[in-house]
Each structure stands twice: as structure tokens, then as C-alpha cells.
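Please look through the structure shown here before reading on.

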Amino acid sequence: MQGLLLLFFAKHQHLPFVQILSTKSTPTGLFGYWGNKGGVNICLKLYGYYISIVNCHLPPHMANNDQRLEHFDRILEMQNFEGQDIPNILDHDLILWFGDMNFRIDDFGLHFVRESIKNRRYSDLWEKDQLSIAKRHDPLLREFQEGPLLFPPTYKFDKNSNNYDTSEKKRKPAWTDRILWRLKRQPQANPQTQRPPAPNFFLSLRSYVSHMMYCVSDHKPVTSTFDLELKPLVSTPPITLMPEGLWTMENVMLISYSLTPDFPSSPWDWIGLYKVGLRHINDYVSYVWVRDNQVSFSDGLSQVYFNISDIPETEGQFLLCYYSNNLHSVVGISKPFKIQPGSSLAEDPLGESQPHI
């Protein structure tokens, strides 16, 4: 894909319960060969629930509404996971779908649209919004929810300004930038009780807004904030890390860890030492290969040694993360702790290969 980026961030306490299962791009430009249009997807498990996140860029221009809908369906159809133990995307517990969808406002003239925006009568424009119309006629698209459009259309602006298009084309403003979500279909109510089962996975919209202060593009960015309430299907991390004793800069320290019986360990698993506030798995201060540094194993409890004498002295708290090569995810994380100051040495003289994700 060209120009589509999808980033996923999580607080460190959630990392052992986040497993990235699949990433995928679906180009739809030039009959599927060019990535100027299309979508990118992250499929993950969160506390045992399946979640898909899709960022897309659909075809532009007023007359291409049918093509937009075709590309939407095409991206959805291509989110298959053959050969993997992952259900169909429509069976995922949550789909978050957003991006420059390029849907326009039909029928109304430029003057009426701009006057409605000027007077903040956005509801006058909703009935001719192409995405809203499509949702009324397409049963699958209707399953995707969206917050109310209580902000001005986010396209098209003169760059570096808050003025709608003043070029010769004078494009009609539209809500091209959208955020949708879809929850998995819930089981039907029990005929005897007439009550559906209590949901274990519930999403509620807190905000849906545009940000008019940004002027670097002819679009204005849009954000949504959600509250997600769930009953974890997985409550114990695959790996439980336990730093042993007092950590100082001059010692070789021991790390004890336990693993669940079904954990698929690998010789390429490793444990990284991080400053609290890490932004990427490669931000480790130091690391050990689990198999190379293992000193004992008994009754499901393992110990590895960690030489931290070569770590530069620094203030703040640290934590340990266990990275699974088979699951491509952090599967265990320790509580934050401090390392007592001491003398520091030069970088690793052995020059061992470093893990890189």
C-alpha cells in the first residue's frame, strides 16, 4: 500500500494479553495491482477476543459511489485467514474500520451545503450523505455503526487554512473521513426467557470529533474514543516473570519464570530489559536468549541469568518482557522495579546477534 499506516499502541500491563495474529494489505487500485487505493488490516486477540482493525482509502469523486462500495466489499472479502486458526472476519468480536472513505453529499448544491455548515445545521445534510444512504440499503454495511456527524465536513480545504476549496473546481464539502465499528452478532434470546444473554464484550462511543486546527492537508483529521468493557476469556498470561532479589549494576541477576502448560516455547524466545514507557519491542536496554542463559528448570519454573553490568547507569524504573518467537508477541511482563547504581562497562564485547522484530 502507498501512504496507509496503521499503528497499534497498548499500555504495558495489557501486552501479555495482546497477540498480533495477522497483518495484511489489500490494494484495490488499477484492478487490484496498484496500492494507491485499498486497505491495511491488523488482526489480533485481546484477552482472548478477536479484533480486526482496518484502515482504508476508497476511490474519490462524486460519481464513483458504486465503486467505493465495491472496494469496501473487496477489502472485506480479502480478509481471509486460510491455513490459520482464525475465524472469518465477520465472526470477530469487533471490527474497527476507518479511513478516507471518500463518500460525498448527493444532490444538494454547493451554496446550500456551505450555508448549512456555516449555520451548523449539519443534520440538514445527513440524509444525502452517501454512506448513510448506503447503510439504509445494504444489510451488511448496516451492521457497522457510526457516531453522529456533529462536526463540519472534513473535506476539501485549501491547504494551510480553514477555508473550503476556493480553486476553480470548488469541490463540495463532504464527510470523507469516517470511523465505523461492528460488534459480532449476538445469540438470539432464549424463547423461554425472552432475554438475550448478558454481553461479555461491550463497546461504547465516548467521542467522535474532527480537529480543525490541523491545516497541513486538504482533509481535517477525525478521532473517536471508545470505552471497551469485557470479561476476559484469558486471565493468566502465558509467562509469569519474577525478578529475583535486589538488582544492581554490578551483579549477574536471576530471573525466574513460569509458563502455562500449552505455551509453545521456542529456542528463539528472549527476555528483554526495558525502561518503563517503552514504545516498541526493539527498545530493549539489554536482552538474553532464554535457552542460552537457562540455569535451571523444575516443576514448571525456569531460571535464567541476566548480566546487567554493561547497562549504562540511568534513573527510573525498568521492567522485563518475554517475547515469544512462535506467537510473535510479548507474552509475559514483570512488575516495574529499580536497578541500584554501580559501575558501568562498555558494550557487549562478544558482539552477539541481537533480536530484532
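Arginine 182 is buried in this predicted model, because its relative accessible area is 0% and buried means under 20%. Arginine 182 has a charged partner: a salt bridge joins arginine 182 to glutamate 143, and their closest N and O atoms are 2.8 Å apart. The pair links distant parts of the chain, since arginine 182 belongs to strand S5 and glutamate 143 to the loop between H5 and S5, 39 residues apart. Glutamate 143 has a relative accessibility of 26%, so glutamate 143 counts as partly exposed.

Side chains of opposite charge can pair when their charged atoms come close. A second pair is made by glutamate 146 and arginine 178, whose side chains meet in a salt bridge with an N to O distance of 2.7 Å. Glutamate 146 sits in the loop between H5 and S5 and arginine 178 in strand S5, so this pair ties together parts that are 32 residues apart in sequence. Are these two residues buried or exposed? Glutamate 146 is buried, with a relative accessible area of 18%, and arginine 178 is buried too, at 1%. Both residues also belong to a network of salt bridges that links Asp129, Glu146 and Arg178.

A further salt bridge connects arginine 206 and aspartate 227, with the closest N and O atoms 2.6 Å apart. It links distant parts of the chain, with arginine 206 in strand S6 (residues 201-210) and aspartate 227 in strand S7 (residues 222-230), 21 residues apart. Arginine 206 counts as exposed because its relative accessibility is 57%, while aspartate 227 is partly exposed at 28%. How many salt bridges does a search of the whole structure find? The search finds eight.

Next comes helix H2. Val113, Ser116 and Ile117 are buried in H2. They cover an arc of only 100 degrees around the axis, and therefore lie on the same side of H2. An α-helix has 3.6 residues a turn, so residues three or four places apart point the same way. His111 and Lys118, by contrast, are exposed on the other side of H2.

The loop between strand S4 (94-100) and helix H2 (110-118) contains asparagine 102. Asparagine 102 has a positive phi of about 65 degrees, although it is not a glycine. Aspartate 107 is in the loop between S4 and H2 as well, and its phi is also positive, near 65 degrees, in a residue other than glycine. Which of the two is buried, and which is exposed? Asparagine 102 is buried, with a relative accessible area of 3%, whereas aspartate 107 is exposed, at 62%.

Another backbone detail is the peptide bond from tyrosine 155 to lysine 156, which is cis, with omega near 0 degrees. Lysine 156 is found in the loop between helix H5 (139-142) and strand S5 (177-183).

Two patches can be found on the surface. Asp66, Glu70, Asp73 and Glu77 form a negative patch. One of them, aspartate 66, lies in helix H1 (residues 65-77) and counts as exposed because its relative accessibility is 57%. The other patch is nonpolar and is formed by Val252, Leu254, Val295 and Tyr305, which together have about 320 Å² of accessible area. Tyrosine 305 is in strand S13 (residues 301-307), and tyrosine 305 counts as partly exposed because its relative accessibility is 34%.

Note on methods. Residues numbered from 1 in each chain as written. Predicted model: local features only at pLDDT ≥ 70, side-chain atom pairs only at ≥ 80, totals over all residues. Heavy atoms only, no water. Patch = residues over 30% accessible without salt bridge, like charges linked within 9 Å, V, L, I, M, F, W, Y side chains within 5 Å. Areas by Shrake-Rupley, 256 points an atom, 1.4 Å probe, with all protein chains shown as cover. Salt bridge = Lys/Arg side-chain N within 4 Å of Asp/Glu carboxyl O. Lys, Arg positive; Asp, Glu negative; His and termini not counted. Charge placed at Lys NZ, Arg CZ, Asp CG, Glu CD. Helix = DSSP H or I, 4+ residues; strand = E, 2+ residues; numbered from the N terminus. Buried < 20%, exposed > 50% of the residue type's maximum accessible area, 1.4 Å probe, protein only. Arc of directions from axis to C-beta.
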